[in-house]
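Dear colleague,

Please find the structure below, handed over for your study.

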Amino acid sequence: MSLRQILGISQRIGLQLIRSKWTIPYLIIFPVFFIGLYWFGFSASPIGENQTFILGILNQDEGIPLEIQTIFQNETLMGNWTFDQFHSGNVLTEGFGNEFISILTNLTYSNQSSSSLIFEIIEFTSEDQAESDLRDRKVDIVLVLPQQFSNASLELLNQYWKNTYGLYLHENLQSVDPTLPDFPVNITDNILIKGDEGYLNYQIANTILINVIDGYLDLAAVFKGPGGSITFTMNEEISVSIPTYSLFGLSIPGLIAFGIIIQPSLISLFFCMEFRSNNRTFDLIRLSSSTATTYILGTFIIQIPVIIGQAFLLFVSSLLMGFQPMGDIILAYFISLTILPFSASLIYLTTAVFSNEDVVGTILGFGGPFLGFMSGAFIEVPQIVIVKKFIPTASGIARDFLIWDFLPLTHTVSALRQVLLYNFNISQVFPDILMSLLLSLGYFIFSVSFFSYFRFWRN
Amino acid sequence: MKKIIEVKALKKTFGKGKNKVHAVQGISFDIYDQEIFGFLGPNGAGKTTSLRMIVGLLRPDAGEVTILGKNPHKKDKSLKNVLGIIPQTPTFYEDLTVEENLWFLAKIYDIPKKLAKERIDSLISQIGLEEKRKTIIKNLSGGQKRRLNLILALVHDPKIVLCDEPTPGLDPQSRVAVWDFIRNLPNQGKTVILTTHYMEEADKLSNRVAIIDNGKILVLDTPKKLKSSIGEGDLVEIELAGQPREKKLKPLAAKLAALEPPLPIEDITISQNSLTIRALDLIPKLSRILAFIEKQNFKVGNLSLRGTTLEDVFINLTGRRLRS
């Protein structure tokens, strides 16, 4: 196997792609048409407007004893802080958990004409009951506030105040002690949100909840009060930007992942031309020193730019048609590319068995949507558990490994959803990215071996 | 002469149960350096299957093949680039140019750029497609495509060239051009294995011919010896009008053979509605033969007089024509 041989294959397929009258227009039009079709069908009526979601809460928060002096030394603290104890400087016993539940209970669609509540709260005392009600769809989503919720919240506030003081220190507040300790705790590490990612109500409720949590973390405004005192104000009315997602918007992560995996059906048309039973070009290749790996690498080189380009066009089309991502779209783009080896493996697996490019194209054309459905890209999938609490999540609590988790696409869709709809960062979606990439590579290696044996060498 | 290929008791079966087909049933032969070895037989006789097993593209159920002393089924790297196959179906990509197709194969065979260019130029020149080198294949004529198909297998300058039915569907002029091309290959140091169901092609090109039918080699020798093996003399092929059944022709043939005074006839073969009569000094005897046939209430539909061909050898061996 040599580079010359690999590039020979690439060049041949590349020339065929370019020369084919319909390939390039198809590659450009497909993403726009595909996303456009969904936009046309599902964007007209936004969903979730004024809908009240049933939020199950398991509040395990133990609260935290708090003495104001320990934080601010001799400074006077004023403001409209919700806790009476906080105002008076006494010990805080109620905890941030109840405070947060209170905020969630009173949240309304303030940006809507209606003032209906966003959440109907059901409080649970047992995790099993919460999960049982979640499975039975008695609740749309479950929020678990952990034992250390208050502690973590306070540490986060301290960090915020310290940073703010640091900023003010050099201006007017010379007397304030800037030597507060660092508090590296991230409150989101301790909050657990549970639900079925394929369930539409969960998707919308989760999007809102994530926004509420973000707002809560951004809760303190600091300004200089009269007489040189400092006032801390917690935003009682958390400004929650509730995205008016339509079914179109919620479908985008699934559509993008699906759009990438159905591309092999096109590449396969050029890949397996040799395998037709009446075409003996493959004989010439097999008589050379080229191997199956040469052949696959040559094809893969062409697939890389095609799929990178397709993913890019799918994202751009989504944005142009009004999709508003909540998270980092660049991160989402790179997540979508983790599916590339899996996408390629579909070609090798199919062409190892079938020798007619039309049959292969048809199988991949139907197989793509099938995989899309199985991975929960479009609809909810049944919870068929293989291993309980196996996959690590951002919350630190492992989730069940379902039968669909054998598909890398499941993890790609999940990671895309979390980033695009729920504004998760890379560390939070890392387990899914890793699973997507590892499984994708696993399928790729298996497909190469399968192709090598059943197509290239079996005679 | 040096042995290039040794084939021993090669067998191949396809299908299972009622659909089981014994494509090749224990063939054995040797092929020598720089000879053209012909495989002659009707369609489905097992020629292509044998060829594919010989070069390592198809695994035999039993038997052994060695090429230059090595087993082609053991992925021996030293055998790579030694073999070139000219299949009966096109091996090029219709949407690439003549030159691009050749460059693709040159790269697949890992030929250095400079050497590849020399070979490509030379091969294009040999088949007279210089002016078409930048033409997309689908814009070439059928004959030009067939000529291109010949050279695709030669870009890597293989020692052994396998030509699988190289001329079906070709006009006579193109066929002669292809024959000249193949005939010239041993002069370039190449050994050629040719499969064909055209007896004339096997006769004119091959140094030795193996006649194969139902997966078995019936005879193997030089075309001259094969033809002489069925007897001396010329042949007259008499096709009888009205499609008489073969069983009605057998008594006619017997009566002709026993005619008094004797003709004499060397041999009479029946195939479908034809009688093929071989005799020494045939032409003076022809009027008597035809008169006798008419007298037996048969009508002569067609008649041809010719020398012995490999088809006659095949008919002699199988009772069937190559085309049937």
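In chain B, residues 24 or more positions apart account for 68% of the contacts with a separation of 6 or more, where contact means heavy atoms within 4.5 Å. This is a predicted model, in which local features need pLDDT of at least 70 and side-chain atom pairs count only at pLDDT 80 or more, while totals for chains, interfaces and linings use all residues. Residues are numbered from 1 along each chain as its sequence is written, chains are lettered from A and ligands numbered from 1 in the order in which they are written, and side-chain values use heavy atoms, with hydrogens and water left out.

Chain B has 324 residues, of which 52% count as buried. Buried means under 20% relative accessible area, exposed means over 50%, and partly exposed lies in between, with a 1.4 Å probe and protein chains only. The secondary structure of chain B comes to 10 helices and 13 strands. Helices (H or I, at least four residues) and strands (E, at least two) are DSSP runs, numbered from the N terminus.

The sheet of chain B

An open sheet of 4 strands in chain B has the order β11-β12-β10-β13, with antiparallel pairing. Two strands pair if DSSP finds at least two bridges between them. The edge strands are β11 and β13 (300–306) of chain B, each of which pairs on one side only. From one strand to the next, the twist averages 15 degrees. Angles here run from 0 to 180 degrees between N-to-C directions, and axes are lines fitted to C-alpha atoms, for helices over the stretch in contact.

The individual pairings may be taken in turn. β11(B) and β12(B) are antiparallel and joined by 5 bridges. Across this pair, B:Ile270 has B:Leu275 as its bridge partner, and B:Ile268 has B:Ile277. Their hairpin has 2 residues between the strands, and B:Gln272 takes a positive phi near 55 degrees there. β12(B) is also joined to β10(B), again antiparallel, by 6 bridges; the partner of B:Leu235 in β12(B) is B:Arg278. β10(B) and β13(B) pair in the antiparallel sense over 6 bridges, and B:Glu237 stands opposite B:Ser304 in β13(B).

How enclosed are β12(B) and β11(B)? In β12(B), 6 of the 6 residues are buried, so this strand is largely enclosed by the rest of the structure. In β11(B), 4 of the 5 residues are buried, so β11(B) is likewise largely enclosed by the rest of the structure. In a regular strand the side chains alternate between the two faces of the sheet. In β12(B), B:Ser274, B:Thr276 and B:Arg278 point one way, whereas B:Leu275, B:Ile277 and B:Ala279 point the other way, and all are buried.

The helix on the sheet

Helix α8 (residues 246–257) of chain B has 12 residues and reaches 16 Å from its first C-alpha to its last, close to the 16 Å expected at 1.5 Å a residue. The expected span is 1.5 Å times one less than the number of residues. Within α8(B), B:Leu249, B:Leu252, B:Ala253 and B:Leu256 are buried. Seen down the axis of α8(B), the buried residues fall within an arc of 105 degrees, so they line one face of the helix; the arc is that of the directions from the helix axis to the C-beta atoms. The face turned away from this buried side carries the exposed residues B:Lys247 and B:Lys250. The buried residues of α8(B) pack against β10 (234–240), β11 (267–271), β12 (274–279) and α9 (286–295) of chain B.

A further hairpin in chain B

Strands β8 (residues 208–213) and β9 (residues 216–221) of chain B pair in the antiparallel sense over 5 bridges. B:Ile211 has B:Val219 in β9(B) as its bridge partner. This hairpin has 2 residues between the strands, and B:Asn214 takes a positive phi near 50 degrees.

Helices of chain A

Helix α12 (residues 292–320) of chain A has 29 residues and reaches 41 Å from first C-alpha to last, close to the 42 Å expected at 1.5 Å a residue. α12(A) is followed by A:Gly322, whose phi is positive, near 100 degrees.

A colleague
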